[in-house]
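Me: I would like to learn how to read aromatic pairs, helix packing and a few individual residues in a structure. Could you take me through them one at a time?

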Amino acid sequence: MDIITLGETMVLFTPDKTGMLRYMEQFSAQIGGSESNVAIGLVRLGHKVGWISKLGNDEFGWKIFQYLRGEGIDLSQVQFEKNFPTGIYFKEMLNSEEVRVQYYRSDSAAKQLQPNDLSEKYIASAKYLHITGITPLLSDNCYKTIMEAIEIARNNNVKVVFDPNLRKKLCSKSNSKDILLEISAKADIILPGQAEGEFLTGETTPESMAKSLNKNGSTIVIVKLGENGAYYATEDYEGFVPAHPVKQVIDPVGAGDGFAAGILSGLLDGLNIKKSVQRGTVIGSLVTMVQGDIEGLPDRARLERITNQSKIDDVIR
Ligand code: KDG
């Protein structure tokens with residue numbers, strides 16, 4: 001396995017027009033979850049990915065399962081819970097940049113994940129373990145599960161990639177920040193956005209955030225700067241990568257997951273950090289130009305067309 005990721009995926013209801021949710025009447029049902037978004041981004045590029053989670057044994061659980069299986073993700077570590085439902089959430093699109101989410105996940109199946117749901121052999125088979133700051137804030141047992149997964153990864157030379165993915169709605173615990181910092185200190189690669197970096201470190205520049213997050217000296221910190229691109233810093237070098245042009249933002253949610261998928265795909269392909277970050281910015285930008293978290297994630301052929309700036313394509317008129 002190239003990458004194993006672990007987290008909650010929900011059915012996502014998206015209204016057919018912009019405006020406050022209370023006025024919406026028609027919704028389409030998609031699926032969304034930061035970790036499975038990354039997984040989909042990676043399998044579309046030909047990597048081998050496994051997703052660990054729990055789903056309700058209900059129609060929505062099966063919708064997610066069938067969708068992810070259709071994408072080609074290994075689901076051998078997914079369990080169905082009889083007594084807890086699959087989480088759902090709604091997007092409120094006030095305009096293309098002001099998108100909010102309303103969760104219905106407080107008693108979801110994924111929230112029941114336990115450390116003993118993890119298989120050491122499975123996690124040890126991967127090159128990278130990808131986790132986000134969403135899962136440890138879902139419940140105490142999810143927090144323990146994430147810490148156990150990290151421990152297994154570290155004991156087996158699996159690199160830990162951490163996207164803090166701060167969700168204020170999940171930060172009800174007074175120690176949310178401490179939890180995210182505790183995980184950051186154990187990660188090999190950290191992918192904060194500008195606001196997350198500020199929240200975690202109190203610093204305002206990407207350079208000082210990276211210094212503060214690089215506790216053990218060997219961490220790679222990559223700060224997402226939206227339309228200003230991304231900043232990366234390792235022990236030995238640092239740099240900026242400009243953003244990939246976006247023609248029109250349709251839906252910004254999921255861009256960070258596309259970015260993570262691009263970086264990990266680059267690293268798996270043997271690219272250096274700079275080129276991997278560049279791939280991340282391309283994929284993140286493609287996600288924003290399509291409605292939905294995953295619908296804009298490219299396959300290998302599209303990524304190559306875009307990065308080679310080829311104008312040649314089959315256009316059916
Ligand atoms: O990164 C996009 C995610 O925010 C979205 O898919 C939903 O995973 C999600 C969450 O918990 O907010």
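Me: How many aromatic pairs are there here, and by what quantities is such a pair described?

Reply: In general, a pair of aromatic rings is described by how far apart the centres are and by the angle of the planes. In this structure, which is a predicted model, the count comes to 10 aromatic pairs. Take Phe 65 and Phe 80 as one of the cases: their ring centres are 5.3 Å apart and their planes stand at 55°, so the pair is tilted.

Me: Which parts of the chain does the pair of Phe 65 and Phe 80 tie together?

Reply: Phe 65 belongs to helix H2 (residues 59-71) and Phe 80 to strand S5 (residues 78-81), so the pair ties together parts that are 15 residues apart in sequence. With a relative accessible area of 10%, Phe 65 is buried, whereas Phe 80, at 26% relative accessibility, counts as partly exposed.

Me: What is the geometry of the pair formed by Tyr 89 and Tyr 103?

Reply: The ring centres of Tyr 89 and Tyr 103 are 6.0 Å apart and the planes lie at 45°, so this pair is tilted. Because Tyr 89 lies in strand S6 (residues 88-93) and Tyr 103 in strand S7 (residues 99-104), the pair ties together parts that are 14 residues apart in sequence. Tyr 89 is buried at a relative accessible area of 5%, and Tyr 103 is buried at 16%.

Me: Where does the charged end of Arg 105 sit, and which residues do ring pairs link into a cluster?

Reply: The charged end of Arg 105 sits over the ring of Tyr 103, at 4.4 Å from its centre. Elsewhere, Lys 177 lies over the face of Phe 199, with 5.9 Å to the ring centre. As for the cluster, ring pairs link Phe 13, Phe 27, Phe 60, Phe 90 and Tyr 104.

Me: Is Ser 276 buried or exposed, and which residues does Ser 276 touch?

Reply: Ser 276, whose place is in helix H9, has a relative accessible area of 1% and is therefore buried. Not counting residues up to four places away in sequence, Ser 276 touches Gly 262, Ile 263, Gly 266, Leu 267 and Leu 271.

Me: With which residues is Glu 81 in contact?

Reply: Glu 81 lies in strand S5 and is buried, with a relative accessible area of 16%. Once neighbours within four places in sequence are left aside, Glu 81 is in contact with Lys 54, Leu 55, Gly 56, Asn 57, Ala 109 and Gln 112.

Me: What is phi of Asn 157, and what is phi of Asn 165?

Reply: Phi of Asn 157 is near 55°, a positive value in a residue other than glycine, and phi of Asn 165 is near 40°, likewise positive in a residue other than glycine. Asn 157 lies in the loop between helix H4 (140-155) and strand S9 (159-163) and is exposed, with a relative accessible area of 72%. Asn 165 lies in the loop between S9 and helix H5 (176-184) and is buried, at 6%.

Key:
Residues numbered from 1 in each chain as written. Predicted model: local features only at pLDDT ≥ 70, side-chain atom pairs only at ≥ 80, totals over all residues. Heavy atoms only, no water. Phe/Tyr/Trp six-rings, centres within 6.5 Å; stacked < 30°, edge-to-face > 60°. Helix = DSSP H or I, 4+ residues; strand = E, 2+ residues; numbered from the N terminus. Buried < 20%, exposed > 50% of the residue type's maximum accessible area, 1.4 Å probe, protein only. Lys NZ or Arg CZ within 6 Å of the ring centre and 35° of its normal. Contact = heavy atoms within 4.5 Å.
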